[in-house]
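Please keep the sequence and the 3D view open while reading.

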Amino acid sequence: MSHAPANTIRLILGDQLNVQHPWFLDVDDDVVYLLMEIRQETDYVLHHAQKVIAIFAAMRDMARQLSEAGHRVHYLRISDPHNQLALEANLTAVLTHYQARHWQYQAPDEWRLDEQLYQMQRPIAAATGASGMMVDSAHFYTQRDEAASIFAQRKSWLMEHFYRQMRVKYLVLMDSDGKPAGGQWNYDQDNRKAWNGKPGEPLDLRPQHDHSALWQEIVDAGVKTFGQPQESRLRWPLNRTEALEQLENFITYALPHFGDFQDAMSTQAPRLFHSLLSFALNTKMLSPQEVVQRVEQAWRHGNVPLAAAEGYIRQILGWREYVRGVYWHRMPDYVTQNHFAHDAPLPEWFWTGRTKMRCMANAIGDSLTHAHAHHIQRLMVIGNFALLAGLDPQALHHWYLGVYIDAFEWVELPNTLGMSQFADGGMLATKPYVSGAAYINRMSDYCKGCHYDKAQRIGERACPYNALYWDFFARNEATLAKNPRIGMAYVTLRKMSEEERAAIGQQAATWRAGLDRL
């Protein structure tokens with residue numbers, strides 16, 4: 001590390017590990033790149049151990065790559081005695097050390113950091129004389145306010161409308177006549193098959209890293225985490241090279257079956273045919289554009305079905321960009337939304353996975369073991385139960401933000417408060433995504449051998465989802481009965497006798513009063 005003066009300090013955050021950013025096109029001895037491991041970022045929520053390890057390891061590898069390319073790098077490890085463990089304090093010290101006159105940062109993806117970095121500019125200028133400037137992160141398809149512009153003249157923010165505009169604008173899965181490939185925009189109806197064990201889950205070809213020394217540094221620094229660290233065999237990519245290899249393996253071995261089984265769940269195969277690329281994407285090792293282009297190319301070459309390619313592309317070009325637009329349009333007030341006024345604390349088994357509900361034990365167990373669970377586990381098992389049981393959506397938001405390795409607030413918050421918990425009252429989702437045991441049984445093997453009986457609504461061995469499901473609709477009839485997407489639930493509910501409805505209400509109250517014992 002050179003200590004010679006520099007004119008400009010460029011700050012790189014832990015989710016900005018894009019070695020292809022325009023910053024790095026030229027080597028300039030008058031520029032120093034600053035990366036720091038700080039308690040502010042490890043402590044703002046309680047994080048999964050693998051999340052802290054993987055981000056720190058990837059940051060360190062980014063610093064190595066930049067140094068080997070000839071760039072000047074100033075890296076502050078969590079154990080460094082010069083590390084003041086706070087963003088403003090470290091940046092001020094580094095600017096002073098290099099006598100720098102300017103500092104730059106890429107646009108943060110989280111509102112709290114965007115606000116903090118903006119507010120830091122004046123005190124840093126007063127302390128060092130250095131001026132700050134934000135540049136684009138050069139990652140997303142859209143600008144922060146682009147979704148809001150698209151929906152400006154529309155009453156509702158339907159993702160499908162946004163997605164179709166993105167397809168047309170970027171010519172993704174489009175025919176030469178301007179129509180969607182195959183004649184349909186969306187093949188979601190084709191992508192809802194349960195998995196019976198065939199075809200087999202592909203081998204996990206991701207590299208295995210030993211981060212035991214880094215994990216000890218993190219522990220010695222006093223950082224509190226939860227979940228299993230897997231520090232000697234961590235499977236998350238360190239850099240772009242490993243992420244690109246993961247992308248190719250996904251396209252070759254998993255994508256052909258992804259469409260059919262993207263909603264399926266299994267105790268025998270937690271990954272099934274999912275890519276697990278969200279960590280690499282959300283830390284910017286990969287760009288969404290190259291992933292989408294590579295998937296479309298695989299379809300055009302006849303290597304994967306159109307439904308599989310479209311289903312995967314919709315998650316990235318559609319949903320990922322869409323929720324980012326919702327986030328920036330609704331913040332900072334969005335985080336406080338609680339439409340149903342739910343306030344129950346998270347049960348203890350959210351932190352241990354020890355519950356008699358086999359579906360929750362597996363979905364939460366996967367989360368604690370791997371720092372990952374796929375979207376149906378997150379939405380229709382964990383999120384579904386949380387909404388039916390009346391768990392505090394803000395507490396759930398903090399849990400999701402901490403437990404998942406790919407969770408950063410811009411993508412996690414709308415998914416949790418909007419899609420999963422309907423806490424925004426329908427700004428994002430057109431209905432609450434809830435179900436009884438029937439859906440979980442149809443899409444998984446979770447109900448087999450469970451302590452609870454999927455077919456029962458009432459009784460000590462009845463599946464808690466069932467009574468909680470009908471009670472949720474009964475309690476919220478005044479606000480939900482007019483929703484056309486859930487009208488049939490109320491048709492069924494109104495056919496029940498008063499005695500049956502009362503028994504369901506009592507059973508649901510019993511479950512809610514003893515959540516820790518489920």
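Helices (H or I, at least four residues) and strands (E, at least two) are taken as DSSP runs and numbered from the N terminus. The model is predicted, so local features need pLDDT of at least 70 and side-chain atom pairs count only at pLDDT 80 or more, while totals for chains, interfaces and linings use all residues. Residues are numbered from 1 along each chain as its sequence is written, and side-chain values use heavy atoms, with hydrogens and water left out.

Helix α6 (residues 159-170) holds both Arg-164 and Glu-160, 4 residues apart, about one turn of the helix. Their side chains form a salt bridge at 3.1 Å, N to O; the term stands for a side-chain nitrogen of Lys or Arg within 4 Å of a carboxyl oxygen of Asp or Glu. Arg-164 is partly exposed at 35% relative accessibility, and Glu-160 is partly exposed at 21%. Here buried means under 20% relative accessible area, exposed over 50%, and partly exposed in between (1.4 Å probe, protein chains only).

The whole structure has 28 salt bridges. Another of them joins Asp-406 to Arg-378 at 3.0 Å, N to O. Asp-406 sits in the loop between α14 (393-403) and α15 (409-420) and Arg-378 in helix α13 (residues 375-389), so this pair ties together parts 28 residues apart in sequence. Asp-406 is buried, with a relative accessible area of 6%, and Arg-378 is buried at 18%. Salt bridges also link Glu-201, Asp-204, Arg-206, Arg-235 and Arg-271 in a network.

A cavity is a set of points, on a 1 Å grid over the protein atoms alone, where a 1.4 Å probe fits but cannot get out; lining residues have an atom within 4 Å of a point. Its volume is the space filled by probe spheres set on the points, which are joined across faces, edges and corners. The search finds 4 cavities of 30 Å³ or more.

The second largest cavity has a volume of about 200 Å³. Of its 15 lining residues, the closest to the centre are Leu-203, Phe-250, Arg-271, His-274 and Ser-275.

The largest cavity has a volume of about 340 Å³. Of the 22 residues that line this cavity, Gly-14, Asp-15, Glu-41, Ile-55 and Phe-408 are the closest to its centre. Two or more lining residues come from each of α1 (39-43), α2 (49-68) and α4 (111-128), and α2 gives the largest share, 5 residues.

How values were computed. On a 1 Å grid over the protein atoms alone, a cavity is a set of points where a 1.4 Å probe fits but cannot get out, and a pocket is an open set with protein on both sides within 12 Å along at least five of seven lines; lining residues have an atom within 4 Å of a point.
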